[in-house]
Each structure stands twice: as C-alpha cells, then as structure tokens.
Amino acid sequence: MMIGQIGYAIVAMIARGLMLGPDQPVVLHMLDLPKSADALSGVRMELIDAALPLLRGVVATSDEAEAFRGVSFAVLIGGWPRKEGMQRKDLIAKNVPIYQSQASALQQHAAPNCKVLVVANPANMNALVLKELAPSVPAKNITCLTRLDHNRALGQISEKLGVHVDDVRNAIVWGNHSSTQFPDASHATARTQHGEKTVRELIADEKWFKEEFVSVVQQRGEAVIKARKQSSSLSAASAACDHMRDWILGTPKGTWVSMGVCSDGSYGVPKGIFYSFPVTCEKGEWSILQGEFLSLYQYSRFRKRYNFLFDEDFPAENK
Ligand code: LMR
C-alpha cells in the first residue's frame with residue numbers, strides 16, 4: 001500500500017486486527033514514492049513504537065517488486081487524490097499509469113492467490129486496468145471499494161431513523177464509485193424495539209428515498225473534500241478494512257455488502273467491467289446476490305438518469 005493519508009490511517013487498523021481478525025498476526029508491506037522515503041520510515045518507527053501485538057514485521061520501501069513480494073492481500077491506495085471541483089474520472093490520466101506499473105509487480109511478485117482491493121480513484125477503472133494488465137491474477141481476486149458508499153448509506157439511514165448504525169443492514173450500492181452510482185435503500189432493514197423492519201416501513205418518505213438519500217450518498221466524498229480540504233481518509237481506511245474482512249472471513253448470515261467486482265453479466269451489467277453489486281462472502285469467495293433487487297421502475301429511472309446501462313444491455317424481458 002502507499003502511505004498517504006489513507007495509508008497512515010489504515011496501517012494501525014490492520015495491525016490491530018480490524019482487517020484480518022483479532023488473532024491473525026500480520027506483516028505490513030508499505031510502498032511509497034522515493035521522495036516519501038523519509039516519511040515512510042517515520043511511519044515504520046511509529047508502528048514499532050505502538051508495540052502492536054499482532055504486528056510481526058514491517059517492510060517500508062519504494063521498490064514495487066519488494067513491496068509486492070509474497071503478499072497475500074494487497075490494498076492499493078496509491079494515487080493522486082481529487083481536489084475540490086474535480087470529478088473522480090479527472091484522475092484517470094494521473095492514476096491509471098500507477099496501476100499499469102503495479103499490475104506487473106502484482107503479477108510477478110505477489111502470492112498466487114493474492115486478494116486485491118483497489119481504493120485509489122477512479123477505483124473501478126483502476127481495477128479494470130489491473131485485470132487487463134495482470135491476466136495471470138484471477139479476475140475474481142481483483143475488487144474495488146464501494147464499501148465506503150455502502151457504509152455512508154447505512155450511516156444516512158441510521159441518522160434518519162435515530163438508530164445505531166449497527167442495527168441497520170443490507171443497503172446496496174450499484175455501479176461505479178462515482179457520482180453516477182445508485183445507492184439503494186429499498187431492501188435495507190433496521191432492528192427496532194419491535195423487531196427487524198424494512199427501512200421502507202420505517203421511513204414513509206418516498207422523496208427522501210428517491211432524492212435526498214441518493215444524492216447525499218453520491219455526493220458525500222465531495223462534501224468531505226469541501227469541508228476538510230482533502231479527501232476522506234479515516235472512513236476510506238475503515239471501509240477498506242470492512243471490505244477485506246468480510247471478503248476473507250465471510251459476511252454475517254442474512255447480511256450482504258456492496259463490493260466492486262468483475263461483472264459476470266448479472267442484472268444485465270456488461271461482463272468484464274468492474275461494477276458494485278450486493279454480494280455475500282463465504283470461505284474467501286464473493287458471490288453476487290441474485291434476486292428481485294431492482295424494480296423495473298428503479299432500473300429504468302437509474303438507466304435514464306445515471307446512464308448506467310446502455311439500451312442494448314437492458315434485458316429484453318424487462319422492456
Ligand atoms: C470518497 O468517496 O470519499 C473518495 O473516493 C475520495 C473522493 O475523491 O471522493
């Protein structure tokens with residue numbers, strides 16, 4: 001991983017067991033540009049100083065081969081962050097070359113079954129670059145982060161209902177980690193004192209579901225940038241830990257999460273692109289949840305408004 005703001009936040013989380021579980025020792029490999037070598041060595045010092053019981057080693061390097069050598073899990077954070085007024089896609093020219101180079105290091109040096117999470121923006125595009133340029137890495141092992149949007153959705157529902165976020169589950173984020181994503185609360189549920197209820201039953205406010213909720217989640221990254229003058233870090237690090245933990249250790253029974261994965265054509269999404277779906281995970285494998293998750297209304301509105309599918313991808317039986 002690279003050690004900018006997100007990296008600085010995530011290393012302690014990983015070394016405290018938030019990603020791989022509280023009993024799993026870890027060796028951290030941190031990669032950054034040569035010009036950041038001093039800062040990286042400072043982070044290494046801090047990790048030693050924190051006396052973290054699970055931490056069994058730290059590799060701090062600016063050499064991609066050394067960084068990727070033998071790793072079982074790779075969280076790819078490195079890239080230019082967006083600034084106020086930019087779209088994530090404006091980063092393509094600067095960040096895609098980083099992933100071109102990391103693809104070859106990943107393919108040559110990582111452990112054979114290495115699981116990869118792309119965090120840097122544009123995340124879906126960077127994941128696609130890795131898939132194309134590291135063909136020996138199974139496509140199912142490459143994923144991108146939309147858990148941040150998923151967690152934002154849970155957060156918004158919990159604020160609206162005044163319940164603890166831990167009592168809310170099963171939001172869905174469809175699509176790209178961009179302003180075209182479709183955050184969907186229609187299947188989410190919340191535990192209340194009267195048992196688990198659908199959020200739709202609890203919030204009788206169609207406008208909130210269709211407009212406010214969707215746009216707050218879509219625009220949250222930008223709102224954080226406006227407020228902090230830099231992009232979200234601790235929430236991104238935390239979501240990356242959630243993503244990897246659920247992928248590796250499994251999603252709790254009855255719960256799904258959102259992950260950007262290589263489409264197998266489910267829901268009419270073109271095969272081979274990286275797209276966020278509701279998934280469940282078991283024994284280190286994700287599977288796209290199948291079912292009646294998009295109503296025809298949502299499908300067509302979403303398609304029209306966010307241009308999420310091309311006409312020819314819209315399943316004929318739903319036309
Ligand atoms: C986010 O969603 O907060 C990150 O992708 C950073 C950004 O550029 O919005």
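Trainee: Into which domains is the chain divided?

Mentor: The chain falls into domain 1 (5–144) and domain 2 (147–318), with bounds from an automatic or database domain assignment. This is a predicted model, in which local features need pLDDT of at least 70 and side-chain atom pairs count only at pLDDT 80 or more, while totals for chains, interfaces and linings use all residues. Residues are numbered from 1 along each chain as its sequence is written, and side-chain values use heavy atoms, with hydrogens and water left out.

Trainee: How far apart are the C-alpha centres of domain 1 and domain 2, and how many residues does the contact take from each?

Mentor: Their C-alpha centres lie 24 Å apart. The contact (heavy atoms within 4.5 Å) takes 33 residues from domain 1 and 39 residues from domain 2.

Trainee: How do I read the largest pocket, and what is its volume?

Mentor: Rolling a probe the size of a water molecule over the atoms shows where empty space is left. A pocket is an open set of points on a 1 Å grid over the protein atoms alone where a 1.4 Å probe fits, with protein on both sides within 12 Å along at least five of seven lines; lining residues have an atom within 4 Å of a point. Here the largest pocket has a volume of about 820 Å³, the space filled by probe spheres set on the points, which are joined across faces, edges and corners.

Trainee: Which residues are closest to the centre of the largest pocket, and why does the pocket lie where it does?

Mentor: Of the 35 lining residues, G4, I77, G79, W80 and P81 are the closest to the centre. Both domain 1 (5–144) and domain 2 (147–318) give residues to the lining, so the largest pocket lies between them. Helices (DSSP runs of H or I, at least four residues, numbered from the N terminus) contribute too: α1 (5–15), α4, α6 (147–161) and α8 (206–228) each supply at least two lining residues. By class, the lining has 15 nonpolar, 13 polar and seven charged residues. Ala, Val, Leu, Ile, Met, Phe, Trp, Tyr, Cys and Pro count as nonpolar, Asp, Glu, Lys and Arg as charged, and the others, Gly among them, as polar.

Trainee: Which backbone features belong to P122 and K229?

Mentor: A cis peptide bond joins N121 and P122, with omega about -5 degrees. P122 sits in the loop between β4 (115–118; strands are E runs of at least two residues) and α5. K229 has a positive phi of about 65 degrees although it is not a glycine; K229 is in the loop between α8 and α9 (234–249).
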